[in-house]
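Here are my notes for you, point by point. Keep the viewer open as you read.

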Amino acid sequence: GCFGSRPTQAQTYSLDDCIRMALAKNQTVLNSQLDIHAADYRIKEAKSALLPSIDFTGQSLYYKDLPAQYAPASAFGGPLGEYSKMTLSMKQTTTASLQLSQSLYNQALLTGVKVARASQQATVLQDKVVREEVVYNVTATYYTVQVLDDNLVRLRQNIANLEKTIHVNASLRDNDLVSVNVHNRMLINLENLRNQYENQKLLADKNLTQLKYLMDIPAQDSMAVEKFNYSETLISSSNDDISRRLDIRLQETQVKLSRLEKKTVLAGYLPVLSNRFNYGYTAYYDQFGPGKQINDDWIKSSYFAVTLAIPVFDGFRKQNQIRQKEILIQKNVNTLNMMKSNASREVLDARQNYYTNKNLVLSSKKSLDLAEQLFSSAQAEYENGITSVTDFLNAQNDLSNARSNYSSALLNLKLTELSLKKASGTLLNY
């Protein structure tokens with residue numbers, strides 16, 4: 001069957017239907033959603049460094065050879081200048097302790113939370129970039145199918161009109177009123193039109209298959225798109241504000257991230273204040289005996305400590321890290337400026353292309369209307385023997401060219417409108 005007469009059970013999808021299905025099933029979009037979830041957990045991870053940490057430690061230590069050390073003999077009533085070898089440890093030492101640690105002030109950790117949040121913003125924007133690309137591809141393919149369908153309807157009408165004239169011409173030929181050559185010329189034109197139709201149908205089927213692929217619909221499933229809406233082709237689009245563009249906003253986030261990373265390094269120059277509380281038990285035994293203690297005694301101990309660490313000198317490591325971060329910041333700023341400049345040019349070019357194609361649609365529609373009128377007139381005049389077959393076939397060729405030009409102009413207008421929306425950051429509404 002021909003492309004325009006698809007099975008009646010084929011479900012018709014609107015552009016919104018296609019976009020929503022594609023966004024729901026696209027694997028790249030699904031992966032970017034997982035990246036957002038991972039970014040949420042990175043924020044929680046960064047915040048967790050500010051919370052207390054509790055550790056339980058247990059150890060059983062057994063010395064095969066006890067360590068010894070020398071001590072002044074005079075300390076134990078011996079002569080001055082002599083040293084005695086002594087051992088203060090026992091063969092087996094068993095310890096168990098519970099320790100709570102808390103960071104009281106650590107600027108690097110506080111900045112780390114800000115870095116994680118900025119990274120999450122970048123991930124969310126990257127997800128929108130991915131979604132925008134899906135929306136663009138689905139919309140462009142949908143428009144292509146719509147315009148090709150519209151063109152096929154016109155082609156079928158052209159073929160039907162020519163078949164009608166050929167039927168009349170066959171009677172004239174059978175009555176020797178026109179030559180066989182004249183009839184054959186008409187048949188050749190009809191065959192050319194049918195070939196155009198098959199080529200257009202093949203192209204439309206390929207684009208419909210591509211649309212199914214983007215929507216994750218099985219290729220063998222039947223589907224159709226809504227008819228082309230001519231009123232939408234004259235809608236102007238968006239303004240020249242490039243600040244809404246996703247790639248610009250993503251790069252601005254990269255600049256913010258690189259500056260925060262520099263602050264993280266600078267925080268390494270600041271003091272770190274922390275506290276620690278330890279509560280534990282220790283037991284000793286004079287030989288290897290798991291679970292045994294001298295006098296069945298566990299010696300309790302506990303302490304609380306506040307630690308202040310002040311960086312003094314690190315071999316210029318942080319200084320060199322800061323220089324690297326400053327270079328990265330400058331590179332990101334340069335890239336942002338370049339992107340803004342390119343974006344402004346892209347919007348200007350897209351707007352010019354849009355209005356140029358808008359005018360081409362209007363002029364090509366006038367040409368098509370005129371060509372249809374001329375063909376109808378030439379067809380009637382030829383069937384009444386008023387004009388020659390050459391004039392009739394010229395009118396037919398003019399109609400084919402006008403139809404092809406109008407179809408191309410329609411598609412180009414929709415695609416340039418799409419490009420203008422993307423260039424000005426107004427494409428994504430999902």
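1. Start with Lys-422, which lies over the face of Tyr-136, 4.7 Å from the ring centre. Likewise, the charged end of Lys-414 sits over the ring of Tyr-143, at 4.6 Å from its centre. (A charge sits over a ring if NZ of Lys or CZ of Arg is within 6 Å of the ring centre and within 35 degrees of the ring normal.)

2. A quick word on what you're looking at: this is a predicted model, where local features need pLDDT of at least 70, side-chain atom pairs count only at pLDDT 80 or more, and totals for chains, interfaces and linings use all residues. Residues are numbered from 1 along each chain as its sequence is written, and side-chain values use heavy atoms, leaving out hydrogens and water.

3. Is Phe-288 buried or exposed? At 54% relative accessibility, Phe-288 counts as exposed, while Tyr-62, at 37%, is partly exposed. (Buried is under 20% relative accessible area, exposed over 50%, partly exposed in between, with a 1.4 Å probe and protein chains only.)

4. Phe-375 and Phe-392 have ring centres 5.5 Å apart and planes at 35 degrees, so this pair is tilted. Phe-375 is buried at 1%, and so is Phe-392 at 0%. Together with Tyr-382, these two form one aromatic cluster.

Technical notes: Phe/Tyr/Trp six-rings, centres within 6.5 Å; stacked < 30°, edge-to-face > 60°.
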